[in-house]
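Hello,

Here is the structure I promised to pass on. Please have a look at it first, and my notes follow below.

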Amino acid sequence: MPTICAFHGITIRMYYDDHLPPHFHAYRAENSAKYCIRTGRRLAGRLPQRADAMVLKWQKMHQFELRRNWRLALQHRPLILIEPLDD
């Protein structure tokens with residue numbers, strides 16, 4: 001599962017050939033959550049509140065890149081690194 005971004009102790013990853021809806025996985029210490037790319041809705045898991053807010057802010061900023069990486073992952077092509085959140 002490729003890491004596509006890391007910021008503030010949060011790692012964002014995508015699986016190849018993952019199931020619908022298009023989503024990404026976020027990890028922070030022993031916590032993890034799965035988020036819908038289009039809506040940002042948390043589909044599973046849980047992150048601390050501050051980390052969750054940072055992931056949602058990052059997701060809104062990088063819709064295009066996340067959708068592109070989803071398509072690449074379905075084709076088993078290398079994923080593109082996405083810029084981290086600065087704040």
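Let me start with Arg42, which is partly exposed at a relative accessible area of 33%; here buried means under 20% relative accessible area, exposed over 50% and partly exposed in between, with a 1.4 Å probe and protein chains only. Before going further: this is a predicted model, where local features need pLDDT of at least 70 and side-chain atom pairs count only at pLDDT 80 or more, while totals for chains, interfaces and linings use all residues. Residues are numbered from 1 along each chain as its sequence is written, and side-chain values use heavy atoms, with hydrogens and water left out.

Arg42 forms a salt bridge with Asp52, with 3.2 Å between the closest N and O atoms. The structure holds one such bridge, defined as a side-chain nitrogen of Lys or Arg within 4 Å of a carboxyl oxygen of Asp or Glu. Asp52 belongs to helix α1 and Arg42 to strand β5, so the pair ties together parts that are 10 residues apart in sequence. Asp52 is buried, with a relative accessible area of 14%. (Helices, H or I with at least four residues, and strands, E with at least two, are DSSP runs numbered from the N terminus.)

Now the sheet. Five strands make an open sheet in the order β1-β2-β3-β4-β5, with antiparallel pairing; two strands pair if DSSP finds at least two bridges between them. β1 and β5 (42-46) are the edge strands, each pairing on one side only. Strand β4 (residues 31-36) is joined to β5 by four bridges, and Ser32 stands opposite Arg46 in β5.

Then helix α2 (residues 63-74). Its 12 residues should span 16 Å at 1.5 Å a residue, and the end C-alpha atoms are 17 Å apart, which agrees; the expected span is 1.5 Å times one less than the number of residues. Gln63, Leu66, Asn69, Trp70, Leu72 and Ala73 are buried in α2. The buried residues of α2 pack against β1 (3-7), β3 (23-28) and α1 (49-61), contact meaning heavy atoms within 4.5 Å.

Finally, some backbone details to check:

- Leu20 and Pro21 are joined by a cis peptide bond, with omega about -5 degrees. Pro21 sits in the loop between β2 (10-13) and β3.
- Ala29, in the loop between β3 and β4, has a positive phi of about 55 degrees although it is not a glycine. Ala29 is exposed, with a relative accessible area of 69%.
- His76, in the segment after α2, has a positive phi near 60 degrees.

Best wishes
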